[in-house]
Amino acid sequence: MILPINSAKNVYFAGKNSKTQVPEKTTEENKEKAKELPYSEDTLLKNNFLTRTRIGFDKFTNALTLYPAKGIKGSRNSNFYEFLTMGSVPYIVGSLMLMSVFNSANKHFDVFSKSKAGPIGRKMALGVLFYGIAKQISKSFISMPVKTMTGVDLNIPYAKFVNEHPEYPNDSDITSIEYHKVFESVDFPYWQMLYNEDNGKPRNEYFDKVGKKLGLGSNLNDSDQEVKPLIKEILIKAKTATNLSTYLWAATGVALAFQEPWENFFKVMSFKFWDKAKITKSAIAFKDSLVDSAKAFYHGEGRGLQKHAGKILLGAAIASSVLGVINVMSISGKPSKLSAGDVIDNKEKYVVN
């Protein structure tokens, strides 16, 4: 009689015997670990600030601790997702090094050189900070209008429940959680996450809403099949627009950081969070310097192109976002607003062959 595999209690593939097997408690510990995970299957998450913060914190802490350890020891469960997640660490470390490289060397300069190098170094540090902030915030300049006008949220997150490979003979129920986006892949979106399953609502509720916003009407027979090609077109255009506009906004952030009024903030800047008076003074100085720097950036100095460089850069950044959204909304598969009465003249005669 051939027994099913899951009925076998001790199966070894590497010549192991009962004398060399790992203690049974390893399996129990793994089961307890699986129970502690927040999700037991692929789960769609709400796209809000709290969720994004929690996901970002979880990914960053894992990128610092768990994922490098798995890679160094050659774990068979170390994958491409973990490799990409660890990319945030050198990005942040490199940014911190760029911030400190000029400022750290100031102590070796004479008084005159230090007075010249100090403001440049601090502006460079502020430029790195504004670069990252502007690049991140500007993504919403595309995603939010697209979501409002089409119903397609480009950044819907979900938790992927991963069954990992056993690394020891008695390992079982080895699981982990990865955080992805439904539309992470343009070619292969995770459509299954968008269907309603066993909750009393229409299965195609999401596609019905998107179809209605795109002008396909209501009560579609197969709304998912009609809407999916349009969503793919939206994704392609939106991601292209985002990639172009974010770097223009990032460049605008860097240019803003290099304006002269920031030197007033640097004179009173303090990181002593326990000193309320100094922190309040720093906050006020930051606000005033930001306003004055924005004015200086916009109005410019000198003559000709140099004077209008700020306006040109800001205009290019705004235009990239606006034109990007307009391009997204020009969906080729969107139905025409013309009715049959607008096309067919009932006064004429027609012959159908």
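Visitor: Which residues in α9 meet which residues in α12?

Guide: On the α9 side they are Ile-234, Lys-237, Ala-238, Ala-241, Ser-245, Leu-248, Trp-249, Ala-251, Thr-252 and Ala-255, and on the α12 side Leu-313, Leu-314, Ala-316, Ala-317, Ile-318, Ser-320, Ser-321, Gly-324, Asn-327 and Val-328. Contact means heavy atoms within 4.5 Å. Helices (H or I, at least four residues) and strands (E, at least two) are DSSP runs, numbered from the N terminus. This is a predicted model, in which local features need pLDDT of at least 70 and side-chain atom pairs count only at pLDDT 80 or more, while totals for chains, interfaces and linings use all residues. Residues are numbered from 1 along each chain as its sequence is written, and side-chain values use heavy atoms, with hydrogens and water left out.

Visitor: At what angle do α9 and α12 pack?

Guide: The angle is about 170°, and the axes are 9 Å apart. Axes are lines fitted to C-alpha atoms, for helices over the stretch in contact, and angles run from 0 to 180 degrees between N-to-C directions. α9 is therefore roughly antiparallel to α12; angles under 35 degrees count as roughly parallel, over 145 as roughly antiparallel, 65 to 115 as roughly perpendicular and the rest as oblique.

Visitor: How do the residues of that contact divide?

Guide: The contact of α9 with α12 has 13 nonpolar, six polar and one charged. Here Ala, Val, Leu, Ile, Met, Phe, Trp, Tyr, Cys and Pro count as nonpolar, Asp, Glu, Lys and Arg as charged, and the others, Gly among them, as polar.

Visitor: And how does α7 pack with α9?

Guide: Helix α7 (residues 140–150) packs at about 150° to α9, with the axes 9 Å apart, so α7 is roughly antiparallel to α9. Phe-141, Ile-142, Val-146 and Thr-150 of α7 make the contact with α9 residues including Ala-241 and Trp-249.

Visitor: What about α9 and α11, parallel or perpendicular?

Guide: Their axes come within 9 Å and cross at roughly 110°, so the two helices are roughly perpendicular. Thr-252, Ala-255 and Leu-256 of α9 touch Leu-290, Ser-293, Ala-294 and Phe-297 of α11. That contact comprises five nonpolar, two polar and no charged residues.

Visitor: Changing topic, how many salt bridges are there?

Guide: The count is seven, where a salt bridge is a side-chain nitrogen of Lys or Arg within 4 Å of a carboxyl oxygen of Asp or Glu. One of them joins Glu-167 and Lys-73, at 4.0 Å from N to O. Glu-167 lies in the loop between β2 and β3 and Lys-73 in the loop between α3 and α4, so the pair ties together parts 94 residues apart in sequence.
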